[in-house]
Amino acid sequence: MFKTVWNSEVIGKFVFISFLLFFLMSGVTRNKQKSDFLDYYHASQRWETEENLYKFDTITKLTEKLKDWQEIFLPENAELLDSLQNQTGTYIYPPLFSFLLIPFGNLDPSFASGLHSVLNWFCLVGIFYILSKIRFFENQSKVGPWVFVLVILANFRYLESHIQNNQVGLLLIFLVLSALVSKNDLLSGILLALATVIKVTPIVFVVIFLYEKRFKAVLYFLAGLVFWNAIPLLYRFDYTIAMTKEWFTQVLGQALSNPLARSWKNNQSLSSTLAKYFYHGADFVNQPLYRLPFVDLSLYTIKWIQNGIIVLFGLPILYLLKKPDLKWHLTSLLFLASCLFSGISWIHSFVICIFPIYFLILHKQNHRWTRAEKIWFLITIALVLLTHRSFVGGLMENILLMYSILFYLGVSLYLFIISISLRDYESRN
């Protein structure tokens with residue numbers, strides 16, 4: 001019976017389309033809930049008032065105004081306190097993204113949120129369309145709709161979190177994949193540049209251009225960075241320059257380079273994990289509850305540990321770059337690396353696993369896996385779902401997130417892809 005259902009394209013397409021419609025309705029109906037989109041929305045409105053996009057000036061204002069920190073709770077300081085709690089550092093992207101959202105800032109917040117959800121949904125549809133067109137392997141078998149259903153199920157926790165937060169991740173994945181599949185160097189460079197000026201992490205995919213010796217695409221990428229960043233200069237030149245400096249110094253130079261950058265329970269990145277484990281006060285609310293840190297280390301020591309781990313995980317990529325016909329293996333690794341080793345990676349950030357998991361499912365269809373490999377992969381993707389509160393309850397989920405369970409599951413995928421990449425190269429030679 002299972003084989004009959006699996007071989008039925010009609011049923012598979014129905015289930016796949018049902019999932020897509022569920023995501024659309026889930027996003028649109030949550031348009032009145034608080035989400036990350038509201039941070040983008042308010043940042044876009046600051047272009048009209050020329051307020052600080054990142055609201056770091058609030059700290060300066062409070063420092064200058066208060067003689068004693070107890071005065072922060074006085075009624076006359078309520079507005080500054082609210083700004084400090086709810087706006088300072090909530091928007092951390094380069095200025096261009098908030099500039100592109102200015103039309104949204106002129107709309108009602110709920111309507112703008114719903115519209116952004118719809119655009120996110122189109123990006124999700126676009127991602128699956130691009131995936132269906134990529135030929136990963138020479139003798140690749142036909143990709144049936146049930147493969148897409150499996151990808152959705154394996155990533156359901158991440159997709160659900162992404163929709164709740166109305167985030168920008170799906171747009172970035174769509175832009176990156178569009179850039180990598182395009183044969184036009186100009187289009188590829190411009191699209192990857194756009195993804196990079198929205199959020200800096202997609203810059204790692206320039207490695208794929210270099211791997212394919214698409215040096216023109218690299219040049220167009222660099223030109224694209226200049227092009228996209230020059231657009232807001234035409235709107236407000238001085239303000240754009242000031243906010244770009246603010247982003248480089250305050251966000252990129254300090255906040256995101258600091259292991260303590262939002263090292264909270266839900267942050268599953270490497271830097272957050274190390275801070276939660278080894279720095280007292282990284283998450284002053286949750287650390288005492290879970291008997292952390294294990295050992296109290298200095299920030300200097302934590303940074304060295306972090307850099308050492310990044311180098312250790314980066315060496316296999318450098319090795320694979322010297323081997324031919326591993327473009328999509330490397331792309332999968334770079335998607336994971338862009339999330340695992342960034343400063344801030346919430347649960348919804350792991351939506352990038354759509355690509356690596358899809359790649360691995362197709363790899364399983366077109367290559368023989370050992371029993372150990374099958375178990376390794378199944379346990380990894382199963383734990384993503386089984387560690388959700390729906391299965392283990394809210395208390396256990398909080399414990400697992402505090403100890404960064406998703407970071408380790410991401411690392412498991414990373415190591416698994418390295419393993420099959422090395423095997424694929426050896427089998428061809």
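**Close-up views of a predicted model**

**Figure 1. Two annotated stretches and the overall make-up.** Over residues 375–395 the chain is 90% helix and 0% strand, and here the end C-alpha atoms are 28 Å apart. The model is predicted: local features need pLDDT of at least 70 and side-chain atom pairs count only at pLDDT 80 or more, while totals for chains, interfaces and linings use all residues. Residues are numbered from 1 along each chain as its sequence is written, and side-chain values use heavy atoms, leaving out hydrogens and water. Helices (H or I, at least four residues) and strands (E, at least two) are DSSP runs, numbered from the N terminus. Both stretches come from the unreviewed UniProt entry, which places "transmembrane region" at residues 111–131, 143–159, 189–211, 217–235, 304–321, 333–363, 375–395 and 401–422. UniProt positions are given in the numbering used here, feature names are shortened, and annotations may be inferred rather than shown by experiment. In total the protein has 22 helices and 0 strands. Of its 429 residues, 52% count as buried. Buried means under 20% relative accessible area, exposed over 50%, and partly exposed in between (1.4 Å probe, protein chains only). Among contacts (heavy atoms within 4.5 Å) with a separation of 6 or more, residues 24 or more positions apart account for 76%.

**Figure 2. Packing of helix α9 against helix α19.** Helix α9 covers residues 145–154 and helix α19 covers residues 354–366; they pack at an angle of about 135°, their axes 10 Å apart. Axes are lines fitted to C-alpha atoms, for helices over the stretch in contact, and angles run from 0 to 180 degrees between N-to-C directions. α9 and α19 are therefore oblique to each other; angles under 35 degrees count as roughly parallel, over 145 as roughly antiparallel, 65 to 115 as roughly perpendicular and the rest as oblique. The crossing of α9 past α19 is right-handed. A crossing is right-handed if the near helix is turned clockwise from the far one by less than a right angle, and left-handed if anticlockwise. From α9, the residues in contact are Val-147, Phe-148, Leu-150, Val-151 and Ala-154. From α19, they are Ile-354, Ile-357, Tyr-358, Ile-361, Leu-362 and Gln-365. By class, this contact holds 10 nonpolar, 1 polar and no charged residues. Ala, Val, Leu, Ile, Met, Phe, Trp, Tyr, Cys and Pro count as nonpolar, Asp, Glu, Lys and Arg as charged, and the others, Gly among them, as polar.

**Figure 3. Surroundings of Ile-190.** Ile-190 is part of helix α12 (residues 185–198). Its relative accessibility is 22%, so Ile-190 counts as partly exposed. Not counting residues up to four places away in sequence, Ile-190 touches Tyr-220, Gly-224 and Trp-228. Ile-190 and Leu-222 are 32 residues apart in sequence, and their C-alpha atoms are 8.6 Å apart in space.

Figure 4. Thr-331 sits in helix α18. Its relative accessibility is 0%, so Thr-331 counts as buried. Leaving aside residues up to four places away in sequence, Thr-331 touches Leu-180, Phe-205, Ile-208 and Phe-355. Ser-412 belongs to helix α22 (residues 405–428). Ser-412 counts as buried because its relative accessibility is 15%. With residues up to four places away in sequence left out, Ser-412 touches Trp-376 and Thr-380.

Figure 5. Of the 9 residues of α16, 8 are buried, and the helix is mostly covered. The buried residues are Leu-270, Ser-271, Ser-272, Thr-273, Leu-274, Ala-275, Lys-276 and Tyr-277. Their cover includes α17, α18 (327–340), α21 (389–402) and α22. Pro-293 lies in the loop between α16 (270–278) and α17 (299–320). A cis peptide bond, with omega about 0°, joins Leu-292 and Pro-293.

Figure 6. Glu-50 is not a glycine, yet its phi is positive, near 60°. Glu-50 is located in the loop between α3 (36–49) and α4 (57–65). With a relative accessible area of 46%, Glu-50 is partly exposed. Asn-166, also not a glycine, has a positive phi of about 50°. The loop that holds Asn-166 runs between α10 (156–165) and α11 (169–181). Asn-166 counts as buried because its relative accessibility is 3%.
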